[in-house]
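Hi,

Here's the structure I said I'd pass along. Have a look, and my notes follow below.

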Amino acid sequence: MEFKDYEEFWPFYLLQHSKRATRVWHFIGTSFVFVFVLLTIVTLHVWWLLAAPVAAYSFAWFSHFFIERNKPATFGHPLWSLRADFRMYRLMLFGQLQKELEMVRGQYYGNSSVEH
């Protein structure tokens, strides 16, 4: 799919993460990114930084292939997907994701109360 900008991509990204389990696996993977960055700073071993994307993508792609059963958006839009993943993480962390999901689902499906 083609998108004119990130804000047009965001609802698509969110809908590609319709199942709660998919979002949880993403949250776990992204959390490892922060852990590995912290380990890099504390130990001064750069190889932890190399492990960060491996861990994050392993959790995320597992969730897409085996839970969501769709193709990760990273394959078509790697930078926007990375940005969207951190946005989804922040919204989950602060308890704001459900509101965002309901809004996007309402726009696309006309029924914002459906939980996938």
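Which residues is Met88 in contact with, leaving aside its neighbours within four places in sequence? This is a predicted model, by the way, and in it the list runs Trp10, Tyr13, Leu14, His17, Arg23, His26 and Leu97.

Met88 also turns up in the largest nonpolar core, a set of 14 residues, where it is listed among those with the most contacts inside the core, along with Phe9, Trp10, Tyr13, Leu14, Ala84 and Leu97. At least two residues of this core come from each of helix H1 (6-15), H4 and helix H5 (97-109). H1 gives the largest share, with 6 residues. Apart from this core there's another one of 5 residues, including Phe36, Ala52, Ala55 and Ala56.

On to H4 itself. Its buried residues are Ser81, Ala84, Asp85, Arg87, Met88, Tyr89 and Leu91, and they pack against H1, helix H2 (20-43) and H5. The helix length checks out too: 16 residues at 1.5 Å a residue should span 22 Å, and the end C-alpha atoms of H4 are 22 Å apart, so the two agree. Just after H4, Gly95 has a positive phi of about 70°.

One more spot to look at is His77, in the loop between helix H3 (47-68) and helix H4 (78-93). His77 is buried, at a relative accessible area of 16%. The His77 side chain reaches the backbone oxygen of Met1 at 3.0 Å. Not counting residues up to four places away in sequence, His77 touches Met1, Phe3 and Phe9, and Phe9 is one of the core residues listed above.

Cheers

Conventions
Residues numbered from 1 in each chain as written. Predicted model: local features only at pLDDT ≥ 70, side-chain atom pairs only at ≥ 80, totals over all residues. Heavy atoms only, no water. Helix = DSSP H or I, 4+ residues; strand = E, 2+ residues; numbered from the N terminus. Buried < 20%, exposed > 50% of the residue type's maximum accessible area, 1.4 Å probe, protein only. Polar contact = N/O pair within 3.5 Å; in protein donor to acceptor, adjacent residues only side chain to side chain. Contact = heavy atoms within 4.5 Å. Core = buried A, V, L, I, M, F, W, Y, C linked by side-chain atoms within 4.5 Å. Expected span 1.5 Å × (residues − 1).
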